[in-house]
Amino acid sequence: MLLALESSCDETSVAVIHDGRVLANVVSSQIKLHAEYGGVVPELATREHLRNLLPVATAALKQAGSQPAELAAIAATLGPGLPQALMIGARAAQAIAFALRKPFFGIHHHEAHLYSPWIANEVTGPAPRGSSLRADFLSFQPNVSLIVSGGHSLLVFVEAERKHHLLGGTVDDAAGECFDKVAKLIGLPYPGGPELDALAEQGDPRAFDFPRPMIRDLHDDFSFSGLKTSVRYFLRDQPFILDDPERVRDLCASVRAAIVDVLVTKTVRAAKRLGVKCVTASGGVTCNRALRQQLAEACVQQGLVLRLADKSICTDNAAMIGLLAERKLLHRVASTALDEEVHPNWPLVPVTPLPGTPIIHRV
Ligand code: KG4
Ligand code: ZN
């Protein structure tokens with residue numbers, strides 16, 4: 001049995017994992033706290049993690065019906081993320097590991113995201129409690145994985161378990177950040193992504209033509225800040241649009257279509273180029289209805305298997321941290337030092353090189 005802590009941004013989460021099963025996954029979100037400021041305030045996030053971590057951990061252990069003495073290992077996100085926020089979870093996990101004399105695993109947040117599309121529900125109930133790592137997750141490697149949230153937009157080639165290569169990332173704003181900033185321009189409350197998505201459902205995606213940045217470029221990087229700027233100029237020139245609810249819905253649908261087009265086109269193209277048979281997606285933006293639907297359609301067209309993280313597990317959670325840590329334990333990967341520092345800018349470096357790619361360095 002393994003205890004996992006996640007505190008890299010604005011979710012305090014603790015999970016208990018046993019044999020690939022999620023016995024508990026308690027998430028305390030700070031969205032309401034940060035809404036007043038229109039974005040995550042690092043100092044407030046840190047204070048909330050400090051306040052919430054022990055109650056969340058106690059609740060997770062109670063839900064799982066497990067005692068600290070039963071734990072075989074402790075894990076926490078070491079990065080990337082907000083430095084002080086990471087420190088709360090990591091130091092707590094290291095202290096618990098020290099007290100229980102158990103190994104500690106410092107986990108890369110993005111590597112953990114690669115596991116969330118494979119967490120499937122077995123029982124009804126507050127998902128993802130009662131879920132487990134799908135037995136077939138090893139059969140669908142290699143795959144191409146899209147990780148899209150408020151902080152990152154990444155395309156990853158998963159060659160095999162724990163052998164991954166970062167294909168591309170955002171050169172400026174992340175996809176979720178673009179959703180949130182455009183929503184703010186429209187006057188929607190933070191975080192605007194889900195609000196914009198809901199309005200877009202009733203709008204016409206062809207009403208306005210917004211740029212699809214880098215969609216034709218052959219590399220796997222993304223850029224979304226230009227799209228946000230074009231919406232800003234669009235609204236500067238036609239501010240009256242905001243007075244017409246129908247036009248606002250059309251605007252939301254058109255912006256959503258531009259973002260989703262880029263994400264789907266580049267993900268599927270990378271999958272075809274690399275000859276994989278499976279595409280996966282996770283991160284908060286994967287809750288987006290158009291992204292889920294268009295990825296599904298594109299994958300059917302291209303003969304690709306698609307594994308989307310369940311909506312309940314798209315956003316940050318400790319279950320994905322714990323499942324990866326348990327796999328490391330199983331494969332006898334060396335544990336992490338109890339005084340290892342957090343890595344706020346930890347890159348997702350290749351564990352093995354892609355053919356023809358120089359090794360950058362090893363983790
Ligand atoms: O993974 P996450 O909870 O946190 C990190 O940023 O790490 O992702 C949150 C992001 C926010 O930008 C939010 O607006 C976006 O995911 N998001 C959505 C939707 N639901 C959440 N964006 C578009 N459509 C949605 N339905
Ligand atoms: Zn995340």
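Residues are numbered from 1 along each chain as its sequence is written, while chains are lettered from A and ligands numbered from 1 in the order in which they are written. Because this is a predicted model, local features need pLDDT of at least 70 and side-chain atom pairs count only at pLDDT 80 or more, whereas totals for chains, interfaces and linings use all residues; side-chain values use heavy atoms, with hydrogens and water left out.

Biologist: Let's start with the metal: which residues coordinate the zinc ion (ligand 2)?

Modeller: Donors are N, O and S atoms within 2.8 Å of the metal (3.2 Å for Na, K and Ca), and water is not among the atoms, so sites may look incomplete. The donor residues follow the spacing H-x3-H-x202-D. At 2.1 to 2.2 Å, the ion is coordinated by His109 (NE2), His113 (NE2) and Asp316 (OD).

Biologist: How many residues apart are His113 and Asp316?

Modeller: Helices (H or I, at least four residues) and strands (E, at least two) are DSSP runs, numbered from the N terminus. His113 sits in helix α4 (residues 109–113), and Asp316 is in the loop between α10 (311–314) and α11 (318–330). The pair links distant parts of the chain, with a separation of 203 residues.

Biologist: Are both His113 and Asp316 buried or exposed?

Modeller: Buried means under 20% relative accessible area, exposed over 50%, and partly exposed in between (1.4 Å probe, protein chains only). On that scale, both His113 and Asp316 are buried.

Biologist: Now the helices: at what angle do α8 and α9 pack?

Modeller: Two packed helices are described by the angle between their axes and the distance between the axes. The axes are lines fitted to C-alpha atoms, for helices over the stretch in contact, and angles run from 0 to 180 degrees between N-to-C directions. Helix α8 (residues 245–274) and helix α9 (residues 289–302) have their axes 10 Å apart and pack at about 35°.

Biologist: By class, which residues make up the contact of α8 with α9?

Modeller: Contact means heavy atoms within 4.5 Å; among the residues involved are Val260 and Leu263 of α8 and Leu291 and Leu295 of α9. Ala, Val, Leu, Ile, Met, Phe, Trp, Tyr, Cys and Pro count as nonpolar, Asp, Glu, Lys and Arg as charged, and the others, Gly among them, as polar. By class, the contact has 8 nonpolar, 3 polar and 4 charged residues.

Biologist: What kind of aromatic pair do Trp118 and Phe140 form?

Modeller: Rings of Phe, Tyr and Trp (its six-membered ring) pair if their centres lie within 6.5 Å; planes under 30 degrees apart count as stacked, over 60 as edge-to-face and the rest as tilted. By this rule the count comes to 6 aromatic pairs. Trp118 and Phe140 are 5.9 Å apart, centre to centre, with 20° between the planes, and the pair is stacked.

Biologist: Which residues does Arg327 touch?

Modeller: Arg327 lies in helix α11 and counts as buried at 14% relative accessibility. Not counting residues up to four places away in sequence, Arg327 touches Tyr115, Leu133, Phe137, Leu138 and Glu161.

Biologist: Turning to the backbone, which residue does a cis peptide bond join to Gly79?

Modeller: Another cis bond runs from Gln141 to Pro142, with omega near 10°, and Pro142 lies in the loop between β7 and β8. For Gly79, omega is about -10°.

Biologist: Last one: what is the phi of Asp19?

Modeller: Asp19 lies in the loop between β2 (11–18) and β3 (21–29), where it counts as exposed at 64% relative accessibility. Arg162, in the loop between β9 (153–160) and β10 (163–168), has a positive phi of about 60°. Although Asp19 is not a glycine, its phi is positive, at about 55°.
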